[in-house]
Amino acid sequence: MPLLVVATTAGLTAAAIEFLPRTLYFPVVVFFAPSGVETTFLQPGQTMEHDCEHMLGEVTKSLRAVCRACKVLQRCAHGLSAAQRRALSHEPIPRPSARAANAPLTVVFAATDPGLAMNACRQAEQMSASQPAELRLRCFTAGAPR
Amino acid sequence: MPKAGADVLRERLEGAGYDVLMRLPIVLFTLFFFYREVFALRALIASRPYFGDEWHFFITVAARISTMIFLVLLAALHLLRRRPVRKYTTWRPKITALTGLLIIYALMLVPRAEADARWDALSAILLLAGNTLCILAVLDLARSLSIMPEARTLVTTGLYARIRHPLYLAEDIALLGIALQFRSWQAAVVLAVHFYFQIRRMDWEEGILTAVFPEYAEYQRRSSRLVPGLY
């Protein structure tokens, strides 16, 4: 009986980890700059769709102010892909990325030229220096522990 | 004089209706708290959607899941119980029993502490022990379970051979586990009040069982109330 209870608890825990994110709304904003850099903003999920949409609006508005020529793709995703989960985690990822010091905001930079993506990352770090401490970004090179 | 068919039917409906009325509120009440726990778990997972490979977060979620299992067990226990053969007609034992039970839910209204792997691990262990003991006690008890101090059948086998109230012990262990997720003076107060009413509840329950079952006094002599050899 104890083993059965332990197994049931572990099974339900694993199921919650796997399936509950699909009931949540994750704000995902992708910016395509004319320079060829693709910037993805990832944030923790929201339990309510309107909260997610509000966050999308805030991020898009502030980024539009910086880059009017950028193409934007925004959505409230149900759940996250394995790559997105990894990007939000503290594990190394194969692309340059920036994380906020005390907030779970993660920005991933991609470009055909890796140098270009890294430059964009550094630029984002510099631009956020004037922001409040919790919104200041720290840039990490591809594969670096974060 | 034999009762008319309509009278018999009315008596039966009144009996069954009362029984359903006594069961449904507490089951719905329990399910409401279950729903709150699911919502809280969703919010927790929303804030940390990447924890799949983080063992400490797995433990935190396991502690929450164990709390939900405990709530499901509570709801199931109330659904499965038999109708009593005798119960108190005064309000004091009923109020004592209800307070002892409802205070459990008050614990879940206290603000939860920040997730902490060590506390959550201890919480999960206590909840696993409490839930296991609860299932074992219910299997022994079959359907002689009740919220109010009522006599159904006397069970003295399995866990009940050594402890007279293993279900209360299970409940208290699980509740201690839940309290560790909250870790505040409010949680400590709720726990203390619950323990007080739980002891009073046992007093009332033993009173009615002694009155209904003559062999209960002998059973009391050869068994412990809650913890073998200690109490």
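The contact between the chains takes 24 residues from chain A and 21 residues from chain B, where two residues are in contact if their C-beta atoms, placed from the backbone, lie within 7 Å. On the side of chain A that touches chain B, α1 (2-19) and α3 (82-88) each supply at least two residues, and the largest share, nine residues, comes from α1(A). That side divides into 15 nonpolar, seven polar and two charged residues; Ala, Val, Leu, Ile, Met, Phe, Trp, Tyr, Cys and Pro count as nonpolar, Asp, Glu, Lys and Arg as charged, and the others, Gly among them, as polar.

This is a predicted model, in which local features need pLDDT of at least 70 and side-chain atom pairs count only at pLDDT 80 or more, while totals for chains, interfaces and linings use all residues. Residues are numbered from 1 along each chain as its sequence is written, and chains are lettered from A and ligands numbered from 1 in the order in which they are written.

Helices (H or I, at least four residues) and strands (E, at least two) are DSSP runs, numbered from the N terminus, and two strands pair if DSSP finds at least two bridges between them. Strand β4 (residues 97-100) of chain A takes part in both pairings below.

| Pair | Sense | Bridges |
|---|---|---|
| β4(A) and β5(A) (residues 106-110) | antiparallel | three bridges |
| β4(A) and β6(A) (residues 137-140) | antiparallel | four bridges |

β4(A) and β5(A) form a hairpin with five residues between them, and A:S97 has A:V108 as its bridge partner in β5(A), whereas A:A98 has A:C139 in β6(A).

In the loop between α5 (166-182) and α6 (185-212) of chain B lies B:R183, which has a positive phi of about 45° although it is not a glycine.
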